[in-house]
Structures are given as C-alpha cells and as structure tokens.
Amino acid sequence: MNPRREVLIGGAVAIAGERILAVGATGELRARWPGAAELDATDCVVTPGLVNAHQHLTGDPLVRACIPDDITSQEAVHRWAVPIHRAHTAEDEELAALLACVENLRNGVTTIVEAGTVAHPERVAAAMTRSGVRGTVGVWGWDVEGVPHSAPAAEVLERLSEVIESYPAGGLVEGRVTLVGHGLASDELLAGAAELARRTGAGMTMHMSPTRADVDHYLARSGRRPLLHLARLGVLGPHLLLAHGVWLDDAEVDALLDSGTAVAYCPWAYLRLGQGVTRAGRHAEIFTRSGRIALGCDAANAGDAADILRTAALAVGLAKDTAVDPTTIGAPEGLEMATIRGAEAIGMADRIGSIEEGKLADLVVHDATGPQWTPRGDVAHQLIWSSDGRNVRDVLVGGRHVVRRGRCTTVDEHALRERAITSSAGLLRRAGIAVRHRWPHLRSH
C-alpha cells in the first residue's frame, strides 16, 4: 500500500519501538540487525492494519443479534437503541467497548473511529487503551429535547472540547468532534462543531442520509437537501468524515467532492436495514472521482460483523453489480479503501495505512496456508474475494503484539465473554426489552 502499491515477495519488516524502521529483503534486514527478535510469517501475507471508519462501540455490542432484522431503522432506533442507551451504565459502556475492540482486533482492524454513542468517553477510551487498538472517541452530541444526554449547543460543544483536551492528537486514543447528526443538531451546534474541529485540528464525524428521512427533514427545515444545508453553514470540508451519505443527489455529490469531505461507507448496514443503497448509493462514483472514501462496520445490529475485509468485498461487489459493469472498481480498490485510502479519509495517512519506513507499525499477519489461499494467485483478489477476518493470525499496533495466533493478548477473552453474557441480560432487563424469536426455542431435557 505504498505510493507505488508494490507487493514484496519474501520480504520482511523491521520495527523499532512503535515505528517501521525498514522494509526489504529478509536477508538484507537480518544482516543490518543481527540477533533481532523475529515474528515468523512464512507462508503468510502481511498487510497494513485495517481501518474501520465507523464503529459503534457502546450499546449494541451487549445486545448483538437481539434487535430484529424485520423492522424499520426508525423502529430499531426508538424502540430498541434509545431504551438500551438510557439503561446503559458506565460499566456497560466500558465492557461493550472492550468487547467490540477485541472483535475488531481479531479481524485485523487496528484503527477505529468511534461513531458517537458514548456517554462516558473516559470509560470507552480506557477499553480502547486496554485492548491496544488505535482510534478516536467523542461523546454524545445533540441539542434536541426528549432524548438521553441532550443539552444546549454550548454545553454539547463544551463536552466535545473537554474530550479533545483529554485525548490529544498523537496518542493511541484521540478525541474527535463527534455529533450524532441526522436531524438532531441545531444550526448553531453544527456550525460550532465544525469550527471546533477546524480550530483544534481534531477532525469531526457525524451521521447523515443513510435513508430518505434526513432528506425529508432538511427539505422541510431549510428548503435544502442535507449536504447543501451543511455547505451553506460551512460545515463541509476536509475536517469532516460523514457517515453513510447514501441518499445524495448530483448537487450533493458535487458539494461533497468540491469541499474534500470524506465518507465512511458501511454497506452491510444498509443491506441489513433495507436502506436503499442499491437504489441510491453513489459511493463507487465518489471513489472514482477521487473522493475520500473509507469503510465502516457500523453497529452490532446493523453491519453486525466488525470485519473490514468482508465489508470491502461487499463494497466492490455492489459497485460492479449496480453499474452492471465489472470494470468499475475491483479488489485492489477495495483493499485501498480498507487501508491507505481509508487512512487518508480519516485524516491519518501520515501515520498509518501503508507499510513504509517511518510509519506506525500497525501490521496484520494473515494466515495464507488454508485452501482459500491455495494455489496462490493475486494477493488483492485473495484478500478481498477469498478471505476475511477469520484468516488473521497476528496483529501489531504500534509495534505491540495485541493478537497472537488468533487470540487477543491484552484481554482474557473467556472472562470477557462471561461478563458480557451477564451484563447483557441485566441491560435488557433494565431497558424493559424482551428479545423475540421468530422460531420457537425449546429446551431439551
């Protein structure tokens, strides 16, 4: 994933501390640093760490596969997500985040942009730090009445500012201006958040237009479609990572591209929720017009699996099929979105996204000994079309070995599972939600 997209056969990577020291032939690097400790990656493929540009770390991880898939997204939010977050404790937030971070790491994701579901950012940051994943964190941000954690715009901006100060740029976990978005922010809050992001350099992320609902809301509110309204307020720009952006018209796509605004594309969520990406999505067009596109996995009841390789395959496949054109984009572009172009979209390409001297040693070792890798063909094709996160063997974040032989080294996974099962039952009980099953569940004796 370097600028020339070179594939080094039989090579090695030298690491010193948290940085990549050199990339080259194994014999050459061994001669330069005799006696250095080695991680044997024979018969494996080494890639940069994968970027997950939109991942909800709280709420959903503790109720995975509980929200039905035969209800509307609005029903999923108001009858499920809101009660769950209202009943969420600080302990739940940290546990849910830890569970989600471990899943991401085991699937080769080394950088996560948290999507904005955090009431206790210090607990989420603690979980991210404990797991060893790199990422950004924000805090709930909206100023409408009748929903949990709502506050006046000035108070929301103060919360966001405190997170940015607490988690400055350059750390493993960085603060980011994080609004929920949709129709849940006043013009004052939207403009103030963009100004804060520009002034601090922290960047900004928010949701917009996964369905027609945001289009209808902004047309009624301002007479303009969502992105044109944001452009008028001065919210669009290189500082902004906009989640979803499915229902955009020509003028909105142009505004997105002209402003340098990035998009976090979460195709599995739109299919799971029936939001119309095959009808309205224009992400492949944005990508081929040199737009900034990263991939995201969304939530544990939307995208469901925190697996960026699986997401990349879907993104590429949808592009080919909706255009009825197999030449549009392919596996190489999917891998770029998962790594270097994803890193660029979230504003971190100077540090991550490629295996190059001086960059952070965020690396993934994929086991290429299975039948899906036999015989060996084009590496991008096999990573995107034949493989997924289950082939991840080892993961390093900043040179730290956080996944070894498919297991997280930083967390007791068995204890985490037991805690999550217990906490899930308590959370659902406090939220007053009974999980329904379409098929009868019978206890055997």
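Student: In this predicted model, what share of the contacts between residues at least 6 apart in sequence join residues at least 24 apart?

Tutor: Among those contacts in the protein chain, 72% join residues at least 24 apart, where a contact means heavy atoms within 4.5 Å.

Student: Where does Thr-58 lie, and why is Thr-58 called buried?

Tutor: Thr-58 lies in the loop between β4 (50-55) and α2 (73-87). Its relative accessible area is 0%, and because buried means under 20%, Thr-58 is called buried. Buried residues make up 56% of the 445 residues in the protein chain.

Student: How do you know that the side chain of Thr-58 makes a polar contact with the side chain of Glu-93?

Tutor: The distance given for this pair is 3.3 Å, and a polar contact needs a pair of N or O atoms within 3.5 Å, one able to donate a hydrogen and the other to accept it, so the pair meets the cut-off.

Student: Which residue has its backbone oxygen 2.3 Å from a polar atom of the side chain of Thr-58?

Tutor: That residue is Thr-117. Not counting residues up to four places away in sequence, Thr-58 touches several residues, among them Thr-117, Glu-93, His-85 and Val-124.

Definitions and conventions
Residues are numbered from 1 along each chain as its sequence is written. This is a predicted model: local features need pLDDT of at least 70, side-chain atom pairs count only at pLDDT 80 or more; totals for chains, interfaces and linings use all residues. Side-chain values use heavy atoms; hydrogens and water are left out. Helices (H or I, at least four residues) and strands (E, at least two) are DSSP runs, numbered from the N terminus. Buried means under 20% relative accessible area, exposed over 50%, partly exposed in between (1.4 Å probe, protein chains only).
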